[in-house]
Amino acid sequence: MRTVKRNPFLAGAAAILGGLLLVTNIASAELGSDKSAAIIIFPQLVSDTRMGTATPVDTLIQVQNTSSHQIAARCFLVNANSHCSNAGFMGVPLVCDIDSDCNPGAVTGGHCIAGWQETDFRFQLTPHQPISWVLSEGMSVFPIDGLIKIGPVDPDTGLPASNNQEPFGTSSIPPAPEQPFRGELKCVQVDPTTLTPDTGTEIPDDGTNTVNNKVGDLAGVATIVEPKATDLDARAYNAIGLQATPNAAGGDNTLVLGGSDPDAAEYDGCPGVLLLDHFFDGATDPVSGATITTKLTLVPCSENFLTQQTGKTTIQYLVYNEFEQRFSTSNSANCYKNSTLSDIASRPGPDDDATSIFNVNVQGTLSGQTRIRPVDSGVAGRGDGLLGVAEEYFANNGKTRSDAFNISKPNISGRAVPDIIVLP
Amino acid sequence: MRTVKWNAFLSGLCGFAVVLGVLAASARADVVTEKTASIIDFPKVIYNANEDTDIQIVSESPMPLFAHCFYVDARLPSGCSKEDPRIGCTPIWQEIDFNITLTHFQPTHWRASIGRPVDPSDDFKFGYYGAGIDPGAIPPLTSGFQGELMCIEVEMDGTPRDGNHLFGVATLVTTNDSDVSKYNAIGIQSTVAANATCPDDQGRCVLILNNPRGESSGEYNACPQTLVLNHVAEGATDPILDEFGKAGTTGVQNQLTLVPCSKDFENQIAGTVTVQLAVYNEYEERFSASFTVTCWKTIELTDIDSPTDPTRSIFYYSNLGSLTAQTRITPADMSDGAVIGVLETTRTDTTSNTARVSTNILTEGDRIKGTDFAGFDQIQLPVQF
C-alpha cells in the first residue's frame, strides 16, 4: 500500500493555485475613446439628405493623426440599413426599420430584411493632421494631395526616400452609399510604406508614436447634426479606440482582439461587460420637464469583411435602479443593433414601452445602471464582443434635444474568447 | 525570546499570493473616461438662470461604497466681470464637501441646483425626483455657480481606498430650451498603495498621482502629459448646416474647460498651470498660443490669443485655414502639474437656434516628475477632526 504524505507547502500553493485559475489571466481590455488607438470604431453613423425628408440628419466625421509621423488607415463603412422585400410596390419604401414600414395602406406580406454591406476605402494622414468629412458627401480630394499641396518632409528614416511626397491618389473617402443611411465605420491603422491596394499588403500597424508606447495614432469624433424645420439638434461622441499590442507589428489581415492568450492578442480586447449609466425611459427632467428616452447602439467587435459575415450574439442585461432592485432581460444582436432601452425588453415600437423594465413606470426611480454582457456563442473563429454608444433624447413642448455619450466598462478582465476582424 | 515557526502551508499561500497581486495590479495607468475609478472628476458643473447640471454616479461595487465629494466653486469675486489676476479677479476656489453612500451596484443622480436631501418619504413618490435610496445629504448650489465636482472613493472612516468602483456622467441642460450636452467624468484609477495614503507621517492626507503608465508602483494614476483636441475651427460654417441651407452667420464656437489636477483642500490653495497650445490645421501648418489655468478656466478658443477680436485669433477659421484642427495642450513649466478638461461645441442655425455637444478630450502620456516617481500632481484632503 502506498502511503501518500501530505506536503503542507504544496497544499498551500495548491489552494492559491486553484484560486488563481479562477481569476482569469486575461489582459484587461484597454479600449477607450480618450486615447489614440490602432483601430477606431464609430458605432452610430446616420444620414438622411433626401429632398423633403421629415428627418434631415447627417454626421460630421473627424479623424486625426496624433503622432509626429505619417500614418495610413484602411476604413470599412458598414451599411446596416434594412430593406423591404417588396420595395417599390405600391409606394413601399426601400429602406425600413420594422415590417410595418413595408406594408403601408393595403399592402401586406412585406418584410423588413436586415442588411450588412461594407464599403472600404483608405487614406494617409501627415503628422498631426486632422481631417473631416460629411457622411453623405465623403471626401474625394484631400487637403494635402501630394500634387498641388505637399506637406513638410517627414524625417522618419523608416519611410521611403521620397519621404512620403508620393501622390496621395489613394486617399479618397466615398459618400454614404445610400440615403437614408445608418451604420458604422471601422478604421484600422496600416503601414504607409506598404500601402498597395492591388496586392493587398496593407499590413495593420501598431502605430508610431512612442509617447503612446506604439499603441496606435488614430482618434476620431462623430457629430450628428439634425437641422430641423424649426429647431436645431446635435450630439457627439468620441470614436471607440482599440489599442495595439506589440504583437500587432507586421501582422496579417486577420486581426486578433484580446483573448486569454496574451501572446496571440494583437489588439486590446472588447470588454466582457459594458456599463450604461442612464435615465430610465419616460423619466421627467426635474427642472425643464422634458421626457427622457435613451437609444442604445451596439455593433459587433468581430467582423469578417472578406466574406461579408458577422454573427448573432445573445446579450444579457442586468438593470439596477436607485432602490438597489435588480431586473434582467436578454435579446440578441446581429451586425448592428439600435433601439430604445424600452424596446430591449418589449416589442419594437412604443406600444409596450410603459411596461418595459427600462421604463420609469416600472422602475420607480429616474436613473439606473444597466450591465450588458454578450454571451459567447462558441462559434469557431469569431468572438461575441460588442461595442456601442448611447443617445439620450429630451422631449419637451414639441421639441426634442439630444446628447450622445460613450458607454463605460467595469474594471474587470476582458473576454476569454478573442474577437476577430478579417480584412479583405 | 519569541520563536517564529516557519509554517509551510502559509508560505505556500504567501508565495502565490504575491503572484496573484502582481497579476491583479497590472492595469495600464492613465486617466480614463470609460472605466470605473477611485477618483472621478466633473470639470464643468454649471448652475445659473440659463443652465443647470445633472450629475449621475454609479457604483460598480458589490459591497456598500463610500465616497467623499467636493464641489469647487470657481466664481469670480463680486465686482469682477472677467478674470484678471492683476486686480485680484481670480476664481474664489471655495470648496464644499459632503459624503455619499451607495449600495451594491446602485446608481444615483442629483441636479446641481436642487442637490438631494435625505428624505425617506420620497421613496413613495414613484418615478419622481428623489425616489430611491438617497445617497446622502447633497447640498444644492447657489445660482451662478461655476466649477467642478470631484468624488473620491473612501473607507467608512473617510480614508481613501483603492476600490476603482466609481463612474459618472454629467449632463449640462439649458433650462429654456432643454438643449443638452453630456460628458463622462474623468476617472483616476488607483493601485493598492492608495490604501496606505492617509494619514502620512505628518498627519496629512495627500493623494499622490504618480503611478506611471503600465506599472503599479505609485498610488493613483498620473494625470496626462498632453491633452489633444480635435475640433472645428472657430467661426467656421458647419458643413452639415450648410448642406441643408441652414448655416447661420455665427459659425461654430468651442468652449474649453480646464482644471488643474492638483488640489489642496486642506489649505484651500488652488492649482495653477500655464499651458502651451500647439495647433495643427489640415495642411500640417502649425500655430501656438498659451494661457494660465488657475483653479478652473472655461474659455472660448478665440479668447485664448485674441480676446478683443476673435477674427484675429489663430483658432478663427480664416486664419487657421482649414475646417478642423488638432490642438495639443501641454503644461509649459517643467514644475507644473497637469490639467484635465472637457470641450463644448455650439452650432447656430439661420434662426439662431443653438445646439451644443460636449466631448471628452483625448489624453497622451503621464505627467510624472523624476525617476523616483514623485508625482507632479497631488490632492490634499482636509484632515479629519
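Why does Pro212(B) count as partly exposed rather than buried or exposed? Because Pro212(B) has 17 other C-beta atoms within 10 Å. The cut-offs are these: 20 or more other C-beta atoms within 10 Å of a residue's own means buried, 12 or fewer means exposed, partly exposed is in between, and the C-beta atoms are placed from the backbone.

Okay, ground rules. What you see is a predicted model, where local features need pLDDT of at least 70, side-chain atom pairs count only at pLDDT 80 or more, and totals for chains, interfaces and linings use all residues. Residues are numbered from 1 along each chain as its sequence is written, with chains lettered from A and ligands numbered from 1 in the order in which they are written.

Strands here are DSSP runs of E with at least two residues, numbered from the N terminus. If you pick Ala67(B), 145 residues away along the chain, its C-alpha atom is 24 Å from that of Pro212(B).

Now, the domains. Chain B splits into domain 1 (28–223 + 373–381) and domain 2 (226–366), with bounds from an automatic or database domain assignment. Their centres, taken over C-alpha atoms, are 23 Å apart. Domain 1 of chain B puts 35 residues into the contact and domain 2 of chain B puts in 29; contact means C-beta atoms, placed from the backbone, within 7 Å. On the domain 1 side, the strands supplying at least two residues each include E2 (39–47), E4 (65–73) and E7 (145–154) of chain B. Strand E25 (377–381) of chain B is another one of them, and E25(B) gives the most, with five residues. By type, that side has 18 nonpolar, seven polar and 10 charged residues. For the bookkeeping, Ala, Val, Leu, Ile, Met, Phe, Trp, Tyr, Cys and Pro are nonpolar, Asp, Glu, Lys and Arg are charged, and the others, Gly among them, are polar.

Next, strand E19 (residues 324–331) of chain B. Eight of its eight residues are buried. Thr324(B), Gln326(B), Arg328(B) and Thr330(B) point one way, while Ala325(B), Thr327(B), Ile329(B) and Pro331(B) point the other way. Which strands does E19(B) pair with? Strand E13 (residues 226–232) of chain B is one, antiparallel, through six bridges, and strand E16 (residues 272–281) of chain B is another, also antiparallel, over seven bridges. Pairing needs at least two DSSP bridges between the strands. In detail, His231(B) has Ala325(B) as its bridge partner, and Tyr280(B) is opposite Gln326(B).

There's also an open four-stranded sheet in chain B, ordered E18-E14-E20-E21, with antiparallel pairing. Strands E18 (297–300) and E21 (354–360) of chain B are its edges, each pairing on one side only. Neighbours in this sheet are turned by 20° on average, direction ignored; axes are lines fitted to C-alpha atoms, with angles from 0 to 180 degrees between N-to-C directions. Strands E14 (residues 253–260) and E20 (residues 339–348) of chain B share eight bridges, and Gln255(B) is partnered by Glu344(B).

Last stop, chain A. Three strands make an open sheet in the order E13-E24-E17, and the pairing is mixed. Strands E13 (254–257) and E17 (303–304) of chain A are the edges. E13(A) runs antiparallel to strand E24 (residues 419–422) of chain A, with four bridges, and Val256(A) stands opposite Ile420(A).

Technical notes:
Two residues are in contact if their C-beta atoms, placed from the backbone, lie within 7 Å.
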